[in-house]
Amino acid sequence: SALTSLFPLKWGAKLLEGETVLINGATGVSGKLAVQIAKLLGAGKVVGTGRNPESMNKIKELGADAVVDLKQSDQDIIETFQKEAKDGYDVIIDYVWGKPTELLLQAMTPENIKLTGKSIRLVQVGEKAGRSISLPASTLRTSGIEIFGGTKGMTLEAINEGTEQVWQWIREDKLSMEVEEVALKDIEDIWGKDAFKGKRVVLVP
C-alpha cells in the first residue's frame, strides 16, 4: 500500500521539497500512508480529502495540514478545494476519480488562461468513486494540469529502491497503519463489508 503513493510521488510526479500535495481519498489505507510519505519526501503542505469525520481527524494526526470534506455540497467542495490550494497544488494523488475528481478539476480551472508557467501533476491511482469522469477541454487548456497513471516512472530499479525505502521507514517507526485483526473463522461474516474504514484487515488463526 505504501508503494502506491511512493512511486507516484517520487518517480512519477517527481515531488520537490516544499511543494503542496493533495491526496484525493486520504482516509483509506493507502491514502493515510500517502499523507505520511508526502511529508517524509519533503512536501511543504499536504491536503487530504475524505468523508468519515473520525478518519479525517486521523489524517491530521498523521501530518495532513488541511482536509476537504467530500460530504459537503458540490459548490462548497469546489470552494474548499480553492481555499486550501492558495498558490495552487503542485501534485495530486488521486485514489477516488469519479465525481469528486470532476469537482476538483472544476475548482482548478480558471476562466481565462493564466501565464504562470505552473503545472499541476495529477497522478491517477484508484477509482473508489467511479471509473470515468467528464473532462472539459478547457480544463486542459487553461489549468496547467498534467494527468498520468500511477505506474509512470516505475522500473525494476525503482521498485527495488522504493521497497527498501519503505522498509527503512518502517524500521525507523516513521510509517504507521491501523490494523483490525479478524479471526479466520469469521471471514465469511466480514467478507465484502466496509466496516473497517481506513484500516487494514489482518486474519488471525
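How far apart should the ends of helix α4 be, given its 12 residues, and what is the distance between its end C-alpha atoms? Let me start there. This is a predicted model, by the way. Helix α4 runs over residues 74-85, and at 1.5 Å a residue it should span 16 Å. The end C-alpha atoms sit 17 Å apart, which agrees.

So, staying with α4. The buried residues here are I77, I78, T80, F81, E84 and A85. They take up an arc of only 165 degrees around the axis, so they are on the same side of α4. And what do those buried residues pack against? That would be β1, β2, β3 and α5.

K45 is in strand β2, residues 45-50. Is K45 buried or exposed? The relative accessibility of K45 is 17%, and the cut-off for buried is under 20%, so K45 counts as buried. Its side chain reaches the backbone oxygen of E84 at 2.9 Å. If you skip sequence neighbours within four places, the contacts of K45 include E19, T20, V21, D65 and A66, plus E84 and K86.

Over to strand β1, then, and N24. This one has 0% relative accessibility, so N24 is buried. Which side chain does the side chain of N24 make a polar contact with? It's T49, at 2.8 Å. Beyond four places in sequence, N24 is in contact with a list of residues, among them T49, L70, F81, I93, Y95, P100 and L104.

Now helix α3, residues 53-61. The buried ones are S55, M56 and I59. They cover only 100 degrees of arc around the axis, which places them on the same side of α3. As a reminder, an α-helix has 3.6 residues a turn, so residues three or four places apart point the same way. Turned away from the buried side of α3, you find the exposed residues E54 and E61. The cover over the buried residues includes α2, β2 and β3. For the ends of α3: N52 caps the N-terminal end, with a side-chain oxygen 3.0 Å from the backbone nitrogen of E54. After the helix comes G63, whose phi is positive, near 130 degrees.

A quick word on rings. How many aromatic pairs are there? The count comes to 1. That's F7 and W11: the ring centres are 5.5 Å apart and the planes are at 50 degrees, so the pair is tilted. Both residues lie in helix α1, 4 residues apart, about one turn of the helix. F7 is at 5% relative accessibility, so F7 counts as buried, and W11, at 15%, is buried too. There's also a charge over a ring to look at: the charged end of K152 sits over F148, 4.2 Å from the ring centre.

Last stop, K118, in the loop between α5 and β5. K118 has a relative accessible area of 30%, so it is partly exposed. G88 is 30 residues away along the chain, yet the two C-alpha atoms are separated by 8.7 Å. Not counting residues up to four places away, K118 touches D87, G88, Y89, D90 and G144.

Notes:
Residues are numbered from 1 along each chain as its sequence is written. This is a predicted model: local features need pLDDT of at least 70, side-chain atom pairs count only at pLDDT 80 or more; totals for chains, interfaces and linings use all residues. Side-chain values use heavy atoms; hydrogens and water are left out. Helices (H or I, at least four residues) and strands (E, at least two) are DSSP runs, numbered from the N terminus. Buried means under 20% relative accessible area, exposed over 50%, partly exposed in between (1.4 Å probe, protein chains only). A polar contact is a pair of N or O atoms within 3.5 Å; within protein, one must be able to donate a hydrogen and the other to accept it, and residues adjacent in sequence count only if both atoms are side-chain atoms. Contact means heavy atoms within 4.5 Å. The expected span of a helix is 1.5 Å times one less than its number of residues. The arc is that of the directions from the helix axis to the C-beta atoms. Rings of Phe, Tyr and Trp (its six-membered ring) pair if their centres lie within 6.5 Å; planes under 30 degrees apart count as stacked, over 60 as edge-to-face and the rest as tilted. A charge sits over a ring if NZ of Lys or CZ of Arg is within 6 Å of the ring centre and within 35 degrees of the ring normal.
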